[in-house]
Amino acid sequence: MEKIKGVEDNFPVIDKRKTGIHLRRIMDERDLSVKDVQQYLGLGSVQSVYHWLNGLSMPTIDNLYALSVLFQMPIDDMLCGNRQSIPINSNCSQFERLQVYYEWINEHRAA
C-alpha cells in the first residue's frame, strides 16, 4: 500500500490535557457542574469526569456523543488535537466535501 508522504509525521492525535481544559471551559460557559455531567451520562461517580478534565483519560465515543447533545455542539468542537483543519464550506453538498478532501489528500501526497 502506498504511503502518503508526510502523513505519518502529522497523524492526527487528540491532546487529552488540552481537551480536558476545553471541556471544563465548555462546562463553565454552560454553568454545568461535574455532578451535572455525571448525572446526565448516568455515570456511577464523578471520578471519570474529573479524569477527563485533568487529561488523564478521554470520554468514550458514546459519552462524547451524549456530551455533544448536552453541550449542543459537534464532537469535533469539543476535542483539541494536532489535526490540521481542512477548509470546507458548511453549505456544500456531500459530493463537494468529498471533492475537497480528495484534493487535500492529493496536495499532501505531492508535497
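Reader: Which element of the chain has the lowest mean pLDDT, and which the highest?

Author: This is a predicted model. Helix 5 (residues 94–110) has the lowest mean pLDDT among the elements, at 74. Helix 3 (residues 47–53) has the highest, at 98. Where pLDDT is low, the predicted coordinates should not be read in detail. For the chain, the mean is 85, and 82% of the residues reach 70 or more.

Reader: How many helices and strands does the chain have?

Author: There are 5 helices and 0 strands. From the N terminus the order is α-α-α-α-α.

Reader: What share of the residues is buried?

Author: Of 111 residues, 23% count as buried. Take contacts between residues at least 6 apart in sequence: 58% of them join residues at least 24 apart.

Reader: Start with helix 1. How many residues does it have, and what does it span?

Author: Helix 1 has 14 residues. From first C-alpha to last it reaches 20 Å, close to the 20 Å expected at 1.5 Å a residue.

Reader: Which residues of helix 1 are buried?

Author: The general idea first. An α-helix has 3.6 residues a turn, so residues three or four places apart point the same way. Now the case here. The buried residues of helix 1 are Thr 19, Gly 20, His 22, Leu 23, Ile 26 and Met 27. Seen down the helix axis, they fall within an arc of 165°, so they line one face of helix 1.

Reader: What covers the buried residues of helix 1?

Author: The cover includes helix 2, helix 3 and helix 4.

Reader: Which residue caps the N-terminal end of helix 1?

Author: Asp 15 does. One of its side-chain oxygens lies 3.1 Å from the backbone nitrogen of Arg 17.

Reader: On to helix 2. Which of its residues are buried?

Author: Val 34, Val 37, Gln 38 and Leu 41. Down the axis of helix 2, these fall within an arc of 100°, so they line one face. They pack against helix 1, helix 3 and helix 4.

Reader: Which residues have the most contacts inside the largest nonpolar core?

Author: Trp 52, Phe 71 and Met 78. That core has 16 residues. The elements giving two or more residues to it are helix 1, helix 2 (34–41), helix 3 and helix 4 (61–71).

Reader: Where is Trp 52 found, and what does it touch?

Author: Trp 52 is in helix 3. Its relative accessibility is 6%, so it counts as buried. Not counting residues up to four places away, its contacts include Lys 16, Gly 20 and Leu 23. Val 37, Leu 41 and Leu 43 are also among them.

Reader: Now the backbone. Which residue with a positive phi follows helix 1?

Author: Most residues other than glycine have a negative phi, and most peptide bonds are trans. Here, Asp 31 follows helix 1 with a positive phi, near 55°. Asp 31 is not a glycine. It lies in the loop between helix 1 and helix 2. Asp 31 is exposed, with a relative accessible area of 68%.

Reader: Where is Gln 72 found, and what is its phi?

Author: Gln 72 lies in the loop between helix 4 and helix 5. Its phi is positive, about 55°, although it is not a glycine. Gln 72 counts as exposed, at 66% relative accessibility.

Reader: What follows helix 2?

Author: Gly 42, with a positive phi near 70°.

How values were computed. Residues numbered from 1 in each chain as written. Predicted model: local features only at pLDDT ≥ 70, side-chain atom pairs only at ≥ 80, totals over all residues. Heavy atoms only, no water. pLDDT = per-residue confidence, 0-100. Helix = DSSP H or I, 4+ residues; strand = E, 2+ residues; numbered from the N terminus. Buried < 20%, exposed > 50% of the residue type's maximum accessible area, 1.4 Å probe, protein only. Contact = heavy atoms within 4.5 Å. Core = buried A, V, L, I, M, F, W, Y, C linked by side-chain atoms within 4.5 Å. Expected span 1.5 Å × (residues − 1). Arc of directions from axis to C-beta. Polar contact = N/O pair within 3.5 Å; in protein donor to acceptor, adjacent residues only side chain to side chain.
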